[in-house]
Each structure stands twice: as C-alpha cells, then as structure tokens.
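Q: I would like to learn how to read the sheets, helices and chain contacts of a model such as the one shown here. Could we go through them one at a time?

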Amino acid sequence: MVQVRQSTIIDAPIDEVWAILRDFNGHDRWHPAISFSEIEGGEPVDAVGAVRHFRLADGGELREQLLALSDKDHRLSYCLLEAPLPLMGYVASLRLKPVTDGNATFWEWRSEFNPPAHRRDELVKLVTEGIYQAGFSAVRNLLRRRSVVSPIDARQPRAVAVPMPSASVPRTVSTVAPGQASTTKAILVERYGGPEELQLREIGLPPLEPNQVRIRHTVIGVNFIDVYCRTGFFDLLQPPGVPGMEAAGVIEAVGPAVSGFSVGDRVAYACPPVGAYAERRNMAPELLVHLSNDIPDEIAAAGLLKGVAASFLLHDVHVVKRGDIVLIHAAAGGIGQLLVQWARHLGATVIATVSSDDKARIVERLGAHHVIVYSRENFAEAVMRLTGGMGANVAYDAVGNDTFAGSLAALAVRGHLVSFGQASGPVGNWDIGRFASRSLTISRPNYAHYTDTPEKLAPHVARFFQALRQGVVRVEAPTRYDLANAADAHRDLESRRTTGALVLLP
Amino acid sequence: MTKVYVSSVIPAPAAEVWKLVRNFNGLPGWAPFVAESRIEQNAQADQIGCIRSFTLKDGGRIRERLLALSDYDLSCSYAILESPMAVENYVATLSLTPITDGNLTLAEWQAEFDCAADREAALMHQIGNGVFQTALTALKHRFGR
C-alpha cells in the first residue's frame, strides 16, 4: 500500500475553491488530464454513491464513485472502479481548510492504493504530479481566469483581516473591451543579456487592430529559441520586447476584419512575432491553430513548436526513410523526445545521445534503439561501432559547439548534418572543403522559413496533431513555472537539467 | 459554546515549526505577549496533564493544563484553568499540517469556550486576533517572512 499526500495554498476564499471541487462532475472543466466527464444514470452530482465516467486527454476511460461528501468539513472522498492503469484499491480524498490569515485556502489531496511493485514509482509520480499537482495548477488558473471577468467584490474579506501571506499571489483584475487600450502582465526584455533580464512588468496592451485577435493565454511554451531572442543571437526581439513564440489560450476579442475565429475559440500558435510571455496579447490570426477538444492547452503549448519543428526536420529538411540510421542529440529534451519517437515510427534506426543515465532511461523508454551517454563515451566512435563503420545517414544536432565536430565524424558517406540549434555555443568556422572527404551536406534550417505562411505551416500542424492522436508521439507533461519565474525556466533550460518541455503559467 | 478559528501559513517545514511549538513550556520563546512560563509540580513539559503557569507582559497570569500532545498529528490541546479572561470550559488546539507545495506549514489554532453573551464579540476578537493571530504572525516572522 502506498500513500500519496499533496497539499498547497490557493489564493482564493474557501467557498470559491469548494464550489469548484465539490462538483463531482466538473473535472473536465479544469483538470488537464480529463477531457470529458459525465455522471452515470443521471444521478445528482452530490448524491453519495454517484459514479462519474471520465474520458482522459490521452483517450483512456475511467470510472470513479463518490464515497463521502461533507459541506461541513469541505471534504470529498471517492474510489476508482475502473481505470486504464493498475491503481488497485485506489481511494482518494480531498479536503479544504480556510487560511484566515489572508483569506486563502489550504487544499490537501491524498490517496492510498496498491500498485504492482515494478510500477510503483511511476504510478506514485503520475498521481502526485499528473493528477494532484496538475489539478492544483489548473484550479489556480481557473480562478485567475475568473477573476479577470468577475467583479472583485465577489470576494468579501472574512472576520480577521490581516495582510496577505507573502506566499500568495496578488491578482490583477482588469476589464477587457475590444478596441480599447488596456494593460497586461508580461515578461519584458529591456536589453539583451542573461536570464535576469526577464522581468515581470505591467505593460500596455494596444487597442485591437481590425485584422487582429486578442488572446488570453492559458499556457505558454518555453523554447530554446526564446533564449536566442533574449541574448540577441536572433533579432526576432528588439528590446524592449516580450519574448516567446508559443502558447495556447482562448480568443477574447476579434477585430472586424478577421474571419474564421470567434470569441471563446481555443487556439494555439508557434510562430513569430514574439510576445507570448504575457497574460494577453494581440496578434494577427493567420498562423493561429484551432485546438480540437482532444488536444489539451498544456500539450499544445508544450508541444506545438517542437512538434511542427520535428515534422519539418523529419519530413522536409531531411526525408527520413525506413532503414535510415538517424543520430539524435539531446534526445531527452523537448524536441529530442519527439524526434526519437517519430523517427522510430518512420522505420529508422535511432541512435540517441544524452548527458546522463537518468535521461538515457527516458530515451530508452521512448524507443531509441541505442542510447549513448556522451559525457562518458565518444559518441562518434560509438556510432561507428554500432553501425559497423558505416555511420549515420542523418544527424539532428541542436547542441552546437560541443557536438558539431563529432556529428560530422559520425556521418556516413553522403550523410546529412542538420544543425538546428547551438545550445552549447556557436559551432565556429569550418572549411567546407573537408566535407568532400565524405560528400557531406549541412543544413542550418530556420523555423520561420518552414512555417511563416498558413500554407507552409498547416501540413506540419496537421501531421503533428495526427501523430499525437495516433499515439505515434507523446508529449510528456511539461515542467511548469509561474510566468513571473520565467528567468528560472531559462536557467534550468540552459543548464541542461531539464527533460521534456517547459511551460509558463500566466 | 463560542468557537474561534485562526490559521496561517508558516514559511518553514512542519517538523521545524513543530520542534518549537511542541514545547508546552516554551511560549516565552516565541509568543510575543508571554513574559515567563514554568511547569507546575516539577512535571515534564510533554507529560499529559501537566500544568503550565505563565505570566503575560501586561502582568496577567494564566494556568493551562495539557490535554493532548501528538507528535504524529503535530497537534497540542489544552484547557484554561485560570485566567484574567472571563471564560469557562475553554479548550484550545494548536495543530500543524505540512503543505507539500513549497514545503511550508499550515498552522491552525482553535478554541471553544463559554462566556457571557455581551462579552462574546470582544473575547472572540481578543483570543482570535490578540492571542492566536499575534502569535502565528510572530512565528511567520521568526521563520523568515
């Protein structure tokens, strides 16, 4: 029997939080893992014994039964009846307590279950992070979204009025009218430099142009290209400017010249101009993508740019074919994980490199045929050994300086080095005469050149979403940071400590 | 029966906060209104039934009996035997709950008592604000915020 216990503080009065949580049929409105919920047999949602039927964002189904509900103690208990995972004997309860000092809410979510021993850690992590912690963030976001549209006097202070605890996040309440100037919280880069240049500011949001829509972001993607914008390596951002090229959200207002989009539409984008690190923004809708119900915001924000990039890297920059030998660096990173899964699906032999044993395990699970820990072993030699001296047909290298020479050495005759980033620094100057020894091709693709019109972008988006739906690729739950802590996200990304995608929550 | 409930987020792990507040004789170390404290009859401070006798900085004297102490639940209950406040059947509980998100602590302090109807509002304020919240705020500052 394992026990999981997670708790947090939500910066809202207990009645508001309880109103959300006591609805046994409401998870599909806020929890990212749940795409659909209904109560079986039309029972009332607060009838103890009611059974709810969930369809998960990944397509799985489960049934849970309400065991206890107390408006007095703000407590709710339920058990799992059927699930796609072996969470045997899963009984969970959540309870709220008021934090009178600041009028906030303590929320604890706990459970007990019997996992099979070999899946214990994985399932505990799933419940802890994928269900409970994800639920905390989702309710926080839901309340924040509501606070934008509901008047502030909905929150009456309680008996003991004392200053807010410093752990809590102050809310902004603003009104939004199309065509009217307003402000938004955003991360502003006032000059090129390190992560410390990412500062949260209240900035003006100009009136909506006729050919623009206004988007309220729900989740913002963090990509290495944002680092290049911050440092000035790419001139996509001119200081003072807001970085970020990927986000998911909801359309809040539509200019009169826009067609095909309406207020309330769920959309995502992965394109310039920069400006995603903000609660809200205006932008032209040409490169916006409609999200269908089976694509959660978080997956779109964490995966769209990387998925589109993976699509053109594997289908356009180089067309990966059955039997190809594909070398993928930084394979545990956000885009690396997609490349590994997708290249394998395309029938290639995948050789992945990673910086640590932990990352090696992740990449093995994704289906890489061979994984090389490049801090321990010369990867070019390893590739030659693994391929019987032939080398790789294509190398996908976004690491740059540390790996570029090795990638060239690991290629087969007529091999193709796709250098699509330089996380470890610029690759320096190379004499292309040396490439003749094996007739090598080098590509240095730029995301914009493959995605800057709806015609170029649409096939990659369609192919990526289809790959998600069919389970060809999976986007793992991203690591979340508050928008205000964007600098931490950049530090972690640049230190190569992270695996998978990073997102910011406005 | 009148009830008072106050809760606060303390910016430190529960085990650390508990180390400080479990000492039934330790109020002068963190509650700003307590001048000195002793345990009567030479008893141990974690002996259930022991009585603490403490003086307030304003000169008042209070005697309280330890009713329950749980290192498992991180909670401590006690009853007032004597005090300058005109309360009867006063039982209070101070309890801690870990907040895993950020490794913080929820501190809850609640009391139930009987009193004259016309004194109820003043006593609720005095106990909820003047005693419990004041002490919890001192705990918050002590642990850094």
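**Reading the sheet, the helices and the interface**

A: In this predicted model, helix H1 (residues 14-21) of chain A lies across S1, S5, S6 and strand S7 (104-114) of chain A, and runs at about 155° to S6(A).

Q: In what order do the seven strands of the open sheet of chain A stand?

A: Strands of a sheet pair through backbone hydrogen bonds, in either a parallel or an antiparallel manner. Here the order in chain A is S1-S7-S6-S5-S4-S3-S2, with antiparallel pairing. S1 and strand S2 (34-39) of chain A stand at the edges with a single partner strand each, so one side of each has no neighbour in the sheet. From one strand to the next, the twist averages 20°.

Q: How many bridges join strand S5 of chain A to S6(A)?

A: Five bridges join S5 (residues 75-82) of chain A to S6(A), and these strands run antiparallel; Leu76(A) stands opposite Leu94(A) in S6(A).

Q: At what angle do helices H3 and H11 of chain A pack?

A: Two packed helices are described by the angle between their axes and the distance between those axes. For H3 (residues 224-231) and H11 (residues 486-494) of chain A, the angle is about 110° and the axes are 10 Å apart, which makes H3(A) roughly perpendicular to H11(A). Phe224(A), Val227(A) and Arg230(A) of H3(A) make the contact with His490(A), Leu493(A) and Glu494(A) of H11(A).

Q: Which strand gives the most to the side of chain A that touches chain B?

A: Between the chains, 17 residues of chain A are in contact with 20 residues of chain B, and S1(A) gives the most to the chain A side, with five residues. By class, that side has nine nonpolar, five polar and three charged residues.

Conventions:
Residues numbered from 1 in each chain as written. Chains lettered and ligands numbered in written order. Predicted model: local features only at pLDDT ≥ 70, side-chain atom pairs only at ≥ 80, totals over all residues. Axes fitted to C-alpha atoms, helices over the stretch in contact; angles between N-to-C directions. Helix = DSSP H or I, 4+ residues; strand = E, 2+ residues; numbered from the N terminus. Parallel < 35°, antiparallel > 145°, perpendicular 65-115°, else oblique. Contact = placed C-beta atoms within 7 Å. Nonpolar A, V, L, I, M, F, W, Y, C, P; charged D, E, K, R; others polar. Pairing = 2+ DSSP bridges.
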